[in-house]
Structure formats: structure tokens, C-alpha cells
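Here is a short briefing to read with the sequence and the 3D view side by side. Take a moment to look over both before going on.

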Amino acid sequence: MIYKKDLELVNAVRKSNNLIYPSDGATLKTLSEKVPNELLQIVNNLLDENKDIIKRLADFKTEMKTLVQKNLNSINYAEDERTASNYLTYTYPEKYTFYTNEIYNKYCNYIGVNTKKQVKYILIIVSFYMN
């Protein structure tokens, strides 16, 4: 089921406190109440499979940061790959997965990538999916 026309997806992600940072949940709650249309547009852009995943992630980060700076007095932007991976996984579970540090570290070790270089999680997952 794809949640593109309402806030159901945003609410599911913001309540995933074991999968996102708790402060991100609070930021998403406030944005969904204050500027729901703008927030949904950013999420829908992230979910648009017609665009390259790398571009979608970069745009998500930039757009979320701008939205938060414009509407909230917060340094928490809820724009990290952990949050993005939730939106993507809830919508396309056959293609994406949730971010967990344990899986990230194990997979990086398996493919010989140094996790200290902070390789982008989504790039690792995309490489896994494509192989």
C-alpha cells in the first residue's frame, strides 16, 4: 500500500522511535501539524521512483532542512538517511530496508567497506539490491 495522499505515512514514520531518532519524531509531528502540504510534497519527491535515488536523497535532505529552518526554531531537521529509509521501506518494502547500525556494519564488513568512512547507508543498500 502506497501512502501518497495523506499523512498516514508521516505518522507511521514519526511513531517509529526505535527506527528514527526520537527528536525526529517530534519534528515530524510539528511539521505535519503546521505545514502538512509542504511536508507531504517533500516525502512524495523522495518516493518518486522515476528519479535517481541519490538525487532524491540529496533533495530530501536539503528540502527538509529548509522546511524546518523556515517553520521551526530547531536544529533537528529530521532529514537523515535513517528517516528517509523509513519512508522508503514503508512504501517499497520489497526494495528498501530500515537503517540499523548492526546490519549496516555487518554488511559493510561483508563487502569490505570501511564504516569509519561513513559510506552512505542507502548507497550500500542500493548496491545490495542491484547485485
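**How two helices meet**

Helix 4 and helix 5 pack with their axes 11 Å apart, at an angle of about 120 degrees. Axes here are lines fitted to C-alpha atoms, for helices over the stretch in contact, and angles run from 0 to 180 degrees between N-to-C directions. This is a predicted model, in which local features need pLDDT of at least 70 and side-chain atom pairs count only at pLDDT 80 or more, while totals for chains, interfaces and linings use all residues. Residues are numbered from 1 along each chain as its sequence is written, and side-chain values use heavy atoms, with hydrogens and water left out.

**Helix 4 with helix 5**

- Helix 4 and helix 5 are therefore oblique to each other (angles under 35 degrees count as roughly parallel, over 145 as roughly antiparallel, 65 to 115 as roughly perpendicular and the rest as oblique).
- I53, R56, L57, F60 and K61 of helix 4 meet E81, T83, A84, Y87 and L88 of helix 5; contact means heavy atoms within 4.5 Å.
- The residues of this contact divide into six nonpolar, one polar and three charged (Ala, Val, Leu, Ile, Met, Phe, Trp, Tyr, Cys and Pro count as nonpolar, Asp, Glu, Lys and Arg as charged, and the others, Gly among them, as polar).

**Helix 3 with helix 5**

- Helix 3 and helix 5 pack at an angle of about 65 degrees, and their axes are 10 Å apart.
- That makes helix 3 roughly perpendicular to helix 5.
- V43, L46 and L47 of helix 3 make the contact with A84, Y87, L88 and T91 of helix 5.
- By class, the contact of helix 3 with helix 5 has six nonpolar, one polar and no charged residues.

**Burial and the core**

- Helix 5 is mostly covered, with ten of its eleven residues buried (under 20% relative accessible area, with a 1.4 Å probe and protein chains only).
- The largest nonpolar core has 27 residues, and L28, L31, L39, M64 and Y87 have the most contacts inside it. Such a core is a set of buried Ala, Val, Leu, Ile, Met, Phe, Trp, Tyr and Cys residues joined through side-chain atoms within 4.5 Å.
- Two or more residues of this core come from each of helix 1 (8-14), helix 2 (22-34), helix 3 (36-47), helix 4 (53-71) and helix 5 (81-91).

**The whole protein**

- The protein has seven helices and zero strands (DSSP runs, numbered from the N terminus: H or I of at least four residues for helices, E of at least two for strands).
- Of its 131 residues, 41% count as buried.

Methods: Buried < 20%, exposed > 50% of the residue type's maximum accessible area, 1.4 Å probe, protein only.
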